[in-house]
Every structure is written in C-alpha cells, then in structure tokens.
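Please open the model in a viewer and keep a selection panel at hand. The stops below are arranged so that each selection leads to the next.

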Amino acid sequence: SLDSDEPFNALRGVSVTVATNSKGYIVLGDSEGNIFMLNKTLQILCYKAFEFRVTHIIAVKQKGIIFTVGDDEEKVCPTLKVWDLLKFDLSDCPKILRYNRLTSGL
C-alpha cells in the first residue's frame, strides 16, 4: 500500500504498460511487474504481480476479477494470473485465484 499526501506522486516515474477498470478501481500494470489499484478516493494500493513486466490485463467488471498476463522469468513463456479484487490476503494484496504458465503451442 502506498501512502502519499498527493496521490499521483506514487505514480511518478512509473512506466504504465496496461490499464483497465473494475468494481470501483482503476487498475494499472507497469513495466516492472507491479499492479496499481486506484480507488474512488484516489488511494493507491500497489503490489508485485510479476517479476518483470505486466503485458495484458482484462477485467470482469461485474465480478471484481482481473486476468493478468506477465513475465515471471525472462525469455520464458508468460504467466496468466487471476485476481479477486474484492478479497485481500494478509499483505493487503488481492487474492490470487489461479495462475498458469502459458505455452505457445508450436
């Protein structure tokens, strides 16, 4: 979780790669594997989703679920992770529902 007197200072210098919105949040992914969630009062929650970059993010808006694709290892198949934005773990990160390594099928 990031605390700041000016909410957007936490995003200064962040290289946003993907964005969506879901259940009262604007959700951003960056080039360093972080997910930033901005709520209606512009409070920001940040958590490390991948070791490297976040490449895709899709929201199931009615359910508060996001699907993310990113890189946990360099030059290896990306990973799909499914997050529940309505349930949080002890570290204040959204609960991860599922993750799978994606393969190319070639």
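Leaving aside its neighbours within four places in sequence, with which residues is M37 in contact? Select M37 and display its surroundings: the residues in contact with M37 (heavy atoms within 4.5 Å), beyond those neighbours, are Y25, I26, V27, Q43, I44, L45, Y47, L85, F88 and P94. Before continuing, note that this is a predicted model, in which local features need pLDDT of at least 70 and side-chain atom pairs count only at pLDDT 80 or more, while totals for chains, interfaces and linings use all residues. Residues are numbered from 1 along each chain as its sequence is written, and side-chain values use heavy atoms, with hydrogens and water left out.

**The nonpolar cores**

A nonpolar core is here a set of buried Ala, Val, Leu, Ile, Met, Phe, Trp, Tyr and Cys residues joined through side-chain atoms within 4.5 Å; buried means under 20% relative accessible area, exposed over 50%, and partly exposed in between, with a 1.4 Å probe and protein chains only. Strands are DSSP runs of E with at least two residues, numbered from the N terminus.

**The open sheet**

Switch to a cartoon view and colour β5 to β8. These 4 strands form an open sheet in the order β5-β6-β7-β8, with antiparallel pairing; two strands pair if DSSP finds at least two bridges between them. At the edges lie β5 (54–60) and β8 (94–101), each of which pairs on one side only. From one strand to the next, the twist averages 20°, where axes are lines fitted to C-alpha atoms and angles run from 0 to 180 degrees between N-to-C directions. Zoom in on β7 (residues 79–88), which is joined to β8 over 7 antiparallel bridges. Within this region, K81 stands opposite Y99 of β8.

**The salt bridges**

How many salt bridges does a search of the whole structure find? The search finds 3, a salt bridge being a side-chain nitrogen of Lys or Arg within 4 Å of a carboxyl oxygen of Asp or Glu.

- K81 is buried at 10% relative accessibility, whereas D72 is partly exposed at 22%.
- Move to D71, in the loop between β6 (65–70) and β7. Its side chain meets that of R53 at 3.3 Å, N to O; R53 lies in the loop between β4 and β5, 18 residues apart from D71. D71 counts as buried because its relative accessibility is 11%, while R53 is partly exposed at 44%. Besides R53, the contacts of D71 beyond four places in sequence include F50, E51, F52, T55 and P78.
- Finish with E73 and R101, whose closest N and O atoms are 2.9 Å apart. E73 is in the loop between β6 and β7 and R101 in strand β8, 28 residues apart.

**The cysteines**

Last, select C93 and C46. The count of disulfides (pairs of cysteine sulfur atoms within 2.5 Å) is 0. The cysteine sulfur nearest to C93 is that of C46, 8.7 Å away.
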